[in-house]
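This report describes selected features of one protein model.

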Amino acid sequence: MAAPGLRLGAERLFAMPGVLELLSRSNSTSQAFAEVLRLPKQQMRKLLYPLQEVERFLAPDSRQDLHLRIFDPSPEDIARADNVFTATKGNRIDYVSSAVRIDHAPDLPRPEVCFIGRSNVGKSSLIKALFSLAPEVEVRVSKKPGHTKKMNFFKVGKHFTVVDMPGYGYRAPEDFVDMVETYLKERRNLKRTFLLVDSVVGIQKTDNIAIEMCEEFALPYVIVLTKIDKSSKGHLLKQVLQIQKFVNTKTQGCFPQLFPVSSVTFSGIHLLRSFIASVTGNLD
C-alpha cells in the first residue's frame with residue numbers, strides 16, 4: 001500500500017550524515033526543512049517520525065503489531081513534498097470557495113484529499129500547519145467547537161485540492177450527514193480521506209460512524225492522531241496500541257500506518273505532507 005520507491009527513509013536519514021549535508025545545501029530544500037536537518041538527532045526524529053520515536057518505549061512483543069514504516073519516505077521525498085506545500089509565484093496555494101452541497105462545490109479536476117473528524121479535533125489547525133509554508137493562506141481556526149459549517153476548498157498549485165469538512169458531533173450542521181455522505185460517495189477525484197482522531201480521548205462513538213461510512217463506501221482512508229503534544233508518552237503509547245489494534249482487526253479500507261501529529265510543535269507534519277504528496281501522485 002506504500003508508494004513505490006519510498007524506502008530507507010528514517011534509517012537513511014539518520015545513518016548518512018552526507019545526506020543531511022547535501023540536503024541542507026540543496027537549493028531545492030525548503031528553508032523550513034533545512035532548519036529541521038540542523039536539529040539534534042533525537043529532536044529531529046521526534047519531529048519527523050513521532051510514531052517511530054515512541055517505538056523506543058514499547059516492549060518487544062508489542063512492536064510487531066505496529067506498522068511503523070509502511071510509508072517511509074526518503075529525505076529527498078520529504079524535501080520535495082515541502083516544496084509542493086511552499087507558496088511561490090509558480091505554485092499558488094489559495095482558498096478557492098466553500099460549499100454546503102456537492103452540486104455547489106467547485107469543479108476542480110486535480111486530485112483531492114479531505115479531512116474529517118469530530119468537532120474540536122483540530123482539523124482547521126492541522127490544515128493551517130500543513131499550509132505553514134504558505135502563510136498568506138487564511139485558514140480560519142476557532143477555539144469554539146463546530147466552527148467549520150461548510151466544505152472549504154483549498155488548491156495547492158496545480159497539484160491537488162485540500163478540503164476541510166465540517167466537524168461531526170457537537171454543533172455539527174443539521175445537514176452534515178447528507179453533505180458529507182454525498183461528497184464521499186460522489187466526489188470522483190477524491191484520492192484519500194484523512195480521519196482525525198483526538199489522541200487524548202481516542203476513538204469515540206461518533207468516530208465509529210465516520211469509520212463505518214468510509215468502510216461502507218469502500219473509501220481509502222487514513223487515521224491521523226491529533227494533539228499528541230497534549231498526551232504524555234505513556235498515554236500516547238496506550239492510545240496508539242489500542243487504535244492500531246482497532247485498525248488491524250476492525251477495518252478494511254484504512255491505511256495500516258497511523259499518523260500522529262501536533263499542530264503546535266509540528267511533529268509529524270513533514271511526514272503527513274509527504275504522504276499527501278504521494279497519494280496525489282506528486283512523489284512519483
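In helix α7, Asp77, Ile78, Ala81 and Asp82 are in contact with His270, Arg273, Ser274 and Ala277 of helix α12, where contact means heavy atoms within 4.5 Å. The contact of α7 with α12 is made of 3 nonpolar, 2 polar and 3 charged residues. Here Ala, Val, Leu, Ile, Met, Phe, Trp, Tyr, Cys and Pro count as nonpolar, Asp, Glu, Lys and Arg as charged, and the others, Gly among them, as polar.

The model is predicted: local features need pLDDT of at least 70, side-chain atom pairs count only at pLDDT 80 or more, and totals for chains, interfaces and linings use all residues. Residues are numbered from 1 along each chain as its sequence is written, and side-chain values use heavy atoms, with hydrogens and water left out.

Helix α7 spans residues 75–84 and helix α12 residues 269–279; their axes are 8 Å apart and the packing angle is about 80°. Axes are lines fitted to C-alpha atoms, for helices over the stretch in contact, and angles run from 0 to 180 degrees between N-to-C directions. The two helices α7 and α12 are therefore roughly perpendicular, a term for angles of 65 to 115 degrees.

The largest nonpolar core has 42 residues, and Phe115, Phe131 and Phe194 touch the most other members. Helix α12 gives the most to this core, with 6 residues. A second, separate core of 41 residues includes Val54, Phe153, Ala210 and Ile243. A nonpolar core is a set of buried Ala, Val, Leu, Ile, Met, Phe, Trp, Tyr and Cys residues joined through side-chain atoms within 4.5 Å; buried means under 20% relative accessible area, exposed over 50%, and partly exposed in between (1.4 Å probe, protein chains only).

Seven strands form an open sheet with mixed pairing, in the order β1-β3-β4-β2-β5-β6-β7. Strands β1 and β7 stand at the edges with a single partner strand each, so one side of each has no neighbour in the sheet. Strands pair if DSSP finds at least two bridges between them. The strands β1 and β3 pair in the antiparallel sense over 6 bridges, and serine 98 stands opposite asparagine 152 in β3.

| β1 | residues 93–99 |

With 79% relative accessibility, lysine 158 counts as exposed. Not counting residues up to four places away in sequence, lysine 158 touches Asn91 and Arg110.

Terms used. Helices (H or I, at least four residues) and strands (E, at least two) are DSSP runs, numbered from the N terminus. Angles under 35 degrees count as roughly parallel, over 145 as roughly antiparallel, 65 to 115 as roughly perpendicular and the rest as oblique.
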